[in-house]
Amino acid sequence: MTDREQLDAEFGSEMEIVLQTKQPLTRSVQLMQRAGAKMGLKQDEINELISPQQLIVFRIPCKILGKVVNFWGCLALHNSARGPFKGGIRLAPDITIWETTELARLMTLKCAACDVEFGGGKTGIRVDMAAMYKLFGRQPRDLEFEKIISLDAVEYYSQSFRDVFSSHIYVPAPDMGTGPDEMAFIYNETLDPASVTGKPEGTHGWLPGRRESTGVGCAYIACRAMCELLDRDPEGATVAIQGFGNVGRPLAQSLVEEGVKVVGITDLYGGVYNADGLDIEGLLEHYAEHATVGGFAGGRPLSNEELFALQVDVLIPAAAGDVITEQTAHDINARCIVEAANMPTTVGGMEVLKERQIQVVPDILANAGGVIASMLEYSSSLSAIKPSKEEVLATVCKKIEENFELAVQMARSEQISIVEAAVGIATKRVYDVMKHRRML
Ligand code: NAD
């Protein structure tokens, strides 16, 4: 069997297995079920809120560096009651249709929780860089090679879905494994600045502040959480962060600007700890050269396990999902968790944290900066009036703060967690519009 045939066989069978599985009881499904029951909704109404409107599974043959490689992926269009389906394009080796659906559902909740006029969608494309290195006989890590793979995958994908973007049915953005460069390929395809957000600086319809919006919004709400939930001044407070990517880097920079001490950061390839606070500017220079925080001279090495156990005011998972589970939540020594990543805490993990009185600021508030900025990018692309970076970041912080305050008030008055309160507010907002539009 050739490498190509082997890859096809693996991807083909995987796709068939996934298509035959039942929708799992994921975090957002469980939280929306609870919220719906609390609102007194009928089970069929709750099912409508939870179910995706459309799931498109696709397979894209791409010609990359002279070889034809097949990627498969999924476009999950969850709910468009409040506006066009909105959500990032994720490239990862472990994409499944249910994970993509879950992320699309999360976008519905996030847009509603922060009162952004979009619905929820998501694209997952299964790109396994380790398999690519093997297939092309290259040695990891070769960032130029990885860029060629991701750009080609997105270019072929955007050719297949041009009409969906051009008609603003689904407006994509960057997510794990993609960034502004990949979004430029979508713009190339549609030549419509409102068809995609997260476009690179200078491209028609780009938005100042969009790149750092998620990290800045998350840093802002982490500081609000220190004051409101921990009764602690951000100046001198300690934070540990998992992930130093599109979100993690501006997040760390923003926190340091507020006087916070970022004492530990890890990524997929290493980690670093400094009890006096890391020199983030120095770390960014190190990262620009090595593409990892590992090996930075301004601290000692740190593993992911150690990072999660650090005694800090706030722990910010800003990398992958499901990293705080029923098992690992017992080892956490932070006073509060701010979810910069999407769904880093499982429902079981949340229960343990609740018992241990460790509050969680949910992803649908904490990392909503990107989609709030996307709303401004979309509307400024339609109107050709561009706000300044300061205006964009001020709107991001204001919108997150307003909705965080609502969730905190509801959590206090109803004796529930902030996560449950935020999901409750979002579910009601979606439900109300579905009722008005006779979608229910
Ligand atoms: P990215 O690909 O730019 O960076 C991810 C970072 O996490 C990298 O430093 C990587 O090395 C690290 N990482 C990944 N898996 C890890 C693991 N298992 N252990 C330790 N480190 C790991 O991605 P990003 O855009 O920064 O997104 C991070 C998270 O934030 C994702 O959950 C994403 O869905 C979510 N998010 C991103 C945005 C955005 O605007 N980019 C918006 C909302 C939510």
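Reply: Buried means under 20% relative accessible area, exposed over 50%, and partly exposed in between (1.4 Å probe, protein chains only). Helices (H or I, at least four residues) and strands (E, at least two) are DSSP runs, numbered from the N terminus. This is a predicted model, in which local features need pLDDT of at least 70, side-chain atom pairs count only at pLDDT 80 or more, and totals for chains, interfaces and linings use all residues. Residues are numbered from 1 along each chain as its sequence is written, and side-chain values use heavy atoms, with hydrogens and water left out.

Me: Which residues of helix H11 are buried?

Reply: Helix H11 spans residues 280–290. The cover over its buried residues includes helix H10 (248–257), strand S7 (261–267) and strand S8 (270–273), where contact means heavy atoms within 4.5 Å. The buried residues are Ile-280, Gly-282, Leu-283, Leu-284 and His-286.

Me: How many residues apart are Phe-244 and Tyr-287?

Reply: Rings of Phe, Tyr and Trp (its six-membered ring) pair if their centres lie within 6.5 Å; planes under 30 degrees apart count as stacked, over 60 as edge-to-face and the rest as tilted. Phe-244 and Tyr-287 are edge-to-face, at 5.5 Å centre to centre and 80° between the planes. Phe-244 is buried, because its relative accessibility is 2%. Phe-244 lies in the loop between strand S6 (238–242) and H10, and Tyr-287 lies in helix H11, so that the pair links distant parts of the chain, 43 residues apart.

Me: How many disulfides does the structure hold?

Reply: A disulfide is a pair of cysteine sulfur atoms within 2.5 Å. For Cys-111, the nearest cysteine sulfur, that of Cys-114, is 8.4 Å away. Cys-111 is buried at 0% relative accessibility, and Cys-114 is likewise buried at 0%. The number of disulfides is zero.
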